[in-house]
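The sequence and structure are shown first.

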Amino acid sequence: MLTPTQRRNAVIYQVYPRSFQDSNGDGIGDLDGITSRLEHIASLGVDGIWLSPIFASPQADVGYDVSDYLTVAPEYGDVAAADRLVARAHELGLIVLFDIVPCHTSIENAWFRDHPDWYIIREGDKPPNNWTATFGGLAWDRDPYGRGWYCHMFYPEQPNLNWRNPEVVAAMHGVFKFWMDRGVDGFRIDAIDRLFVDEQLRDEPAADEEYELWERPDYASLKHIHTVNQPEIFDALRSLRAAFPNAFFATEAYVAMEQLPAYLEHVDLSFCFQLLQAERDTAKIADVICRGSKIPGVAWMLSNHDFSRLGTRWGPDLARAAAVLLLTIPGAAFIYQGDEIGQVDGPGIEPPIDRVGRDAYRHPMQWDESGGFSNADAWLPMTDPERCNVAGQENATYSPLTIYRQLTALRRELTGELTDVSGNDGVLRYTRGAISVVINFSADAIPAPAGEVVLSTKQLRGDTVPPSAAVIVRR
Ligand code: TEU
Ligand code: CA
């Protein structure tokens with residue numbers, strides 16, 4: 001258990017269950033596999049894990065389409081395997097967050113067949129309005145049971161639930177309760193910003209400016225005033241918090257930064273996607289961390305299963321420097337599995353599993369030179385285990401793995417606000433108490449800051465910080 005204050009400063013490791021460790025030779029990661037690798041996660045010095053969805057699912061969106069929230073997907077194990085995982089994590093001092101998808105179910109969930117009033121379904125010859133789905137196309141499809149049109153904010157296989165129906169609220173609270181009773185510490189709550197859509201189903205206007213966060217073209221063509229950030233979301237979160245006062249809640253709201261505080265009134269953490277999307281623009285990063293670190297409950301991340309990996313976007317040297325950024329600024333931090341060894345995007349697979357192209361970010365974890373993920377062909381091929389793997393980085397100076405461990409240890413002495421932030425000329429600088437950080441994104445060596453060096457991501461040359469390196473000093 002972490003106190004509410006500790007939660008807001010937590011470091012959480014994201015496990016993508018299908019790609020972490022296969023224990024039974026079917027090429028698919030599973031819960032017993034994760035349990036067998038928990039010591040690696042504990043060795044990173046993190047506070048806990050978030051498991052992407054493990055529930056029964058036809059896997060149209062790799063688990064984000066849940067057909068039964070109270071059953072574990074058979075290829076991942078069963079409820080007893082989930083219990084073993086949670087128990088072992090707790091022994092190792094790790095908290096466990098499951099991933100709950102409250103906004104939609106799988107189209108194969110029995111709820112969809114049996115309870116049309118739990119969903120957003122309208123009769124008619126044509127779709128009720130112009131809404132677009134996040135992954136492209138119209139947000140409406142013909143109901144397979146002949147009841148008209150159903151709304152889906154994501155894939156057509158993911159019909160939106162109707163949270164205005166109290167039966168839906170009760171059913172979903174039952175899901176939270178089921179897993180809390182089994183010892184889970186809390187939840188990452190998926191796509192909470194789409195929990196409600198306008199009751200009158202009014203059309204959305206054309207977008208008049210580019211949104212603060214990246215969107216797929218179709219979806220970006222409209223201004224989402226009736227399908228995102230609806231006020232009822234906050235009532236739902238208030239009642240969820242009241243029902244589970246001790247749960248650790250981290251929400252995924254893909255929203256403008258100024259909208260995060262409304263979510264954070266009710267939950268411990270909410271992701272800030274702006275840091276990831278600032279890419280290597282130091283002025284942008286400086287602006288994002290200044291504004292974001294003033295939001296209590298901000299959760300930083302630089303990779304997850306939806307975006308190209310840090311190691312690919314920033315390259316091997318800056319990816320190590322990025323770890324310094326992620327773990328030294330005020331706020332919670334999430335590390336996506338594989339980032340601690342600098343894993344890069346994989347080649348994907350033909351035909352693709354994910355129709356919008358996210359396979360490359362989801363390739364298996366690389367444990368040793370031969371992979372170590374599975375003794376069968378993996379569901380997505382290994383990327384480059386001979387180059388990049390956990391075993392090869394143990395105890396190696398300047399390896400990503402070593403740097404992540406140093407940072408989580410150092411983090412204990414980091415307190416206080418961010419001061420003296422600047423991001424000019426490709427160099428990011430900031431201070432927290434007695435600790436100053438310099439990250440050199442430029443192609444030139446720069447003078448090292450004054451003070452005792454506590455960590456650097458490359459060997460310093462004299463009094464200079466080499467290109468694509470970070471240094472932390474104690475003044
Ligand atoms: O993603 C929600 C979501 O839409 C954004 O975070 C997304 O990255 C952004 O809109 C850019 O397209 C969550 C899950 O993380 C994702 O894997 C699922 O596919 C999605 O919900 C649907 O459950
Ligand atoms: Ca398996």
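A charge is taken to sit over a ring if NZ of Lys or CZ of Arg is within 6 Å of the ring centre and within 35 degrees of the ring normal. By this criterion Arg18 lies over the face of Trp379, at 5.3 Å from the ring centre. Likewise, the charged end of Arg147 is placed over the ring of Phe112, 5.0 Å from its centre.

The model is predicted: local features need pLDDT of at least 70 and side-chain atom pairs count only at pLDDT 80 or more, whereas totals for chains, interfaces and linings use all residues. Residues are numbered from 1 along each chain as its sequence is written, chains are lettered from A and ligands numbered from 1 in the order in which they are written, and side-chain values use heavy atoms, with hydrogens and water left out.

**Aromatic pairs**

Rings of Phe, Tyr and Trp (its six-membered ring) pair if their centres lie within 6.5 Å; planes under 30 degrees apart count as stacked, over 60 as edge-to-face and the rest as tilted. The whole structure holds 28 aromatic pairs, two of which are tabulated here.

| Pair | Centre to centre | Angle between planes | Class |
|---|---|---|---|
| Phe176 and Phe187 | 4.8 Å | 85° | edge-to-face |
| Tyr254 and Phe307 | 6.4 Å | 15° | stacked |

Helices (H or I, at least four residues) and strands (E, at least two) are DSSP runs, numbered from the N terminus. Phe176 belongs to helix α6 (residues 166–181) and Phe187 to strand β9 (residues 186–189), so their pairing ties together parts that are 11 residues apart in sequence. Tyr254 lies in the loop between β10 (248–251) and α9 (260–264), and Phe307 in the loop between β12 (298–301) and α12, so this pair links parts 53 residues apart in sequence. Buried means under 20% relative accessible area, exposed over 50%, and partly exposed in between (1.4 Å probe, protein chains only). Phe176 and Phe187 are both buried, and Tyr254 and Phe307 are buried as well. One aromatic cluster is formed by Phe55, Tyr69, Phe98, Trp111, Trp118, Phe178 and Trp179.

**Nonpolar cores**

A nonpolar core is a set of buried Ala, Val, Leu, Ile, Met, Phe, Trp, Tyr and Cys residues joined through side-chain atoms within 4.5 Å. The largest has 142 residues, of which Tyr13, Leu31, Phe98, Trp179 and Leu325 touch the most other members. Helix α12 (residues 310–328) gives the most to this core, with 11 residues. A second, separate core of 14 residues includes Ile120, Phe135, Met153 and Phe154.

Contact means heavy atoms within 4.5 Å. Leaving aside neighbours within four places in sequence, Leu325 has contacts that include Leu275, Trp314 and Tyr430.

**Calcium site**

Donors are N, O and S atoms within 2.8 Å of the metal (3.2 Å for Na, K and Ca); water is not among the atoms, so sites may look incomplete. Asp22 (OD), Asn24 (OD1), Asp26 (OD), Ile28 (O) and Asp30 (OD) coordinate the calcium ion (ligand 2) at 2.2 to 2.3 Å. Along the chain, these donors follow the spacing D-x1-N-x1-D-x1-I-x1-D. Asn24 is exposed, with a relative accessible area of 52%, whereas Ile28 is buried, at 16%.

**Trp367**

Trp367 is found in the loop between β13 (332–336) and α13 (390–393) and is buried, with a relative accessible area of 4%. The C-alpha atoms of Trp367 and Asn389 are separated by 5.0 Å, although these residues are 22 residues apart along the chain.
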